[in-house]
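Please look over the sequence and the structure shown below before reading on.

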Amino acid sequence: MNKKGSLEDIVSLAKRRGFIYPSSEIYGGLAGVFDYGPLGVRLKHNIQNLWWSSFVSGWDDMYPMDTAILMNKKVWEASGHASGFNDPMVECNNCKSRLRADHLRSDKCPVCGKEGTLSEPKQFNMMFKTTTGPVEGSTDLGANSPAAIIDEFSRGRVVNATEANTTYLRPETAQGMFVNFKNVVDSFYPDMPFGMAQVGKAFRNEISPRDFLFRLREMEQMEIEYFVAPELWQEKFNAFRDGMKKFFTMVGLPESMVHELEVSEEDRAHYSARTIDFEFEFPFGRKELAGLAYRTDYDLKKHQEVSGRSMVYMPKGGGAGFIPHVIEPSFGVERLFLAVLSAAYTHDEVNGEERMYLKLPKDVAPIKVAVFPLLKNKPELIEKANQVYDVLKKEIGEVMFDDNGNIGKRYRRQDEIGTPQTVTIDFQSLEDDTVTVRNRDTTEQKRMKIAELANSVN
Ligand code: ATP
């Protein structure tokens with residue numbers, strides 16, 4: 001028997017074992033926002049580290065960035081997000097639910113079940129609007145220049161929220177890289193093709209956040225903007241397509257659960273000339289996990305047009321300058337996190353008893369090894385176990401010590417969080433410096449010399 005978990009199983013495990021908590025839960029939470037707990041942070045970092053080694057540090061031509069969440073609002077006007085990042089939304093006159101029009105299959109409200117109660121679709125911009133600087137007070141400067149506003153500030157006056165100090169929380173990390181394209185070219189003078197990469201928060205005011213970590217209002221993305229000469233786009237697109245598939249396998253997603261969807265022209269984002277969505281079989285159905293887009297020269301061209309700064313790349317060996325085209329592999333960290341948990345969640349039977357464990361790849365598992373003294377009330381066992389723990393902690397880092405409850409319970413606790421191996425120190429350990437090492441997946445146990453432990457576990 002080998003069963004997968006439902007979304008409820010995963011949500012409950014994530015909360016109970018300290019992977020994910022609802023944000024500001026003691027006040028009733030906030031829809032579409034979650035916090036990572038101690039094990040969640042580790043799991044997330046492991047996914048991000050694998051991404052980093054697969055797409056950044058393993059490459060000679062990647063330039064990592066960490067750009068600001070807040071940017072001049074002109075960025076969003078140029079990129080098309082201020083006018084084009086819209087979802088059509090309808091409201092149910094009966095239950096007041098707000099729903100994405102493009103997700104509806106009939107004129108029946110999927111929340112209350114009433115027919116004919118849905119309004120006409122209205123456009124809804126998904127960017128979070130905010131203001132910079134103090135906003136209450138006496139002086140309304142209208143759409144005055146930033147210099148005029150600074151002048152007002154310096155005289156100790158505050159201004160009303162105006163168009164001049166409005167900005168947005170970024171809905172994607174990509175634009176921070178496009179607007180720095182010229183900076184990186186000037187600092188490093190890279191050969192073409194080259195890429196910029198970053199991991200960071202993005203915010204979307206989704207109409208109906210749902211399915212746990214799948215549709216959030218605050219999330220993290222891992223994105224690459226890979227700049228190529230126009231004639232090279234297909235070759236690099238295909239290379240990233242293969243790289244993405246390899247990466248999914250590395251984090252433990254079975255090939256059979258990841259599917260490619262060629263996105264049709266009418267469903268593509270405004271900047272894309274080709275998009276492949278990688279879909280995953282989540283517990284609630286097959287949905288987008290990550291995307292690979294050919295953004296053409298759309299973004300750099302728009303920034304050149306609106307900022308008046310040239311985005312032309314001059315080849316080193318001479319030849320005509322050009323605006324590079326862009327291939328963009330884009331990953332949502334939380335969707336990956338959820339996919340990794342869903343793929344790993346396993347029920348099986350051991351000695352006639354049902355157990356649940358997370359079958360996580362070793363590189364992804366938040367804790368690599370746990371150390372147990374067989375009995376809590378024997379100081380000599382505790383001392384030996386502490387010695388083993390110290391050695392492993394130094395060598396491996398993510399090690400847990402557990403002396404609480406019987407050994408069976410401790411095994412179950414580690415299985416639940418996906419710890420690949422556990423080490424038990426018993427009376428024989430005191431005599432011959434050996435310990436019992438148990439494998440999470442097979443539950444097999446073998447005796448091993450303490451001196452060989454770190455090597456074998458690593
Ligand atoms: P969807 O169609 O599901 O709204 P999208 O096509 O708008 O997603 P992109 O703009 O391509 O998504 O964003 C890149 C990646 O960021 C997505 O593949 C996904 O992994 C992640 N992502 C986008 N929106 C969200 C969200 N609201 N919550 C969590 N992750 C998201």
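In sorting residues by class, Ala, Val, Leu, Ile, Met, Phe, Trp, Tyr, Cys and Pro count as nonpolar, Asp, Glu, Lys and Arg as charged, and the others, Gly among them, as polar. By that sorting, the shell around the ligand has five nonpolar, four polar and six charged residues. This is a predicted model, in which local features need pLDDT of at least 70 and side-chain atom pairs count only at pLDDT 80 or more, while totals for chains, interfaces and linings use all residues. Residues are numbered from 1 along each chain as its sequence is written.

**Overall layout**

- The protein chain contains 14 helices and 21 strands, where helices (H or I, at least four residues) and strands (E, at least two) are DSSP runs numbered from the N terminus.
- Along its principal axes, the C-alpha trace of the protein chain spans about 80 × 65 × 55 Å.
- The chain is divided into domain 1 (1-84 + 171-358), domain 2 (86-125), domain 3 (134-162) and domain 4 (367-457), with bounds that come from an automatic or database domain assignment.
- The centres of domain 1 and domain 2, taken over C-alpha atoms, are separated by 29 Å.
- Of the 458 residues in the protein chain, 33% are buried; a residue is called buried if 20 or more other C-beta atoms lie within 10 Å of its own, exposed if 12 or fewer, and partly exposed in between, with C-beta atoms placed from the backbone.
- Two residues are in contact if their C-beta atoms, placed from the backbone, lie within 7 Å, and among contacts in the protein chain between residues at least 6 apart in sequence, 65% join residues at least 24 apart.

**Around the ligand**

- There are 15 residues around the ligand, and those that come nearest are Leu216, Met219, Gly291, Ser330 and Gly332; a residue is near a molecule or strand if its C-beta atom, placed from the backbone, lies within 6 Å of it.
- At least two residues of this shell are supplied by each of strand E10 (218-228), E13, strand E14 (325-332) and helix H10 (333-344).
- E13 gives the largest share of the shell, namely four residues.

**A pair of packed helices**

- Two packed helices are described by the angle between their axes and the distance between the axes.
- Helix H2 (residues 38-55) and H10 pack at an angle of about 110 degrees, with their axes 10 Å apart; axes are lines fitted to C-alpha atoms, for helices over the stretch in contact, and angles run from 0 to 180 degrees between N-to-C directions.
- H2 and H10 are therefore roughly perpendicular to each other, since angles under 35 degrees count as roughly parallel, over 145 as roughly antiparallel, 65 to 115 as roughly perpendicular and the rest as oblique.
- On the side of H2 the contact is made by Leu43, Lys44, Ile47 and Gln48, and on the side of H10 by Val333, Leu336, Phe337 and Val340.
- The residues of this contact of H2 with H10 divide into six nonpolar, one polar and one charged.

**Backbone features**

- Most residues other than glycine have a negative phi, and most peptide bonds are trans.
- A cis peptide bond, with omega about 0 degrees, joins Met192 and Pro193, and Pro193 has its place in the loop between helix H7 (181-188) and strand E9 (194-203).
- Ser24, although it is not a glycine, has a positive phi of about 40 degrees; Ser24 is found in the loop between strand E1 (20-22) and strand E2 (34-36), and is exposed, with 11 other C-beta atoms within 10 Å.
- Thr296 is not a glycine either, yet has a positive phi of about 50 degrees; Thr296 lies in strand E13 (residues 285-296) and is partly exposed, with 19 other C-beta atoms within 10 Å.

**Individual residues and distances**

- Phe19, found in the loop between helix H1 (7-16) and E1, counts as buried because 26 C-beta neighbours lie inside 10 Å.
- Leaving aside its neighbours within four places in sequence, Phe19 is in contact with Ala14, Gly37, Leu39, Gly40 and Leu43.
- Phe19 and Phe212 are 193 residues apart in sequence and 13 Å apart in space, C-alpha to C-alpha.
- Ser57 lies in the loop between H2 and strand E3 (62-64) and is exposed, with 11 other C-beta atoms within 10 Å.
- Asn49 lies in helix H2 and is partly exposed, with 13 other C-beta atoms within 10 Å.
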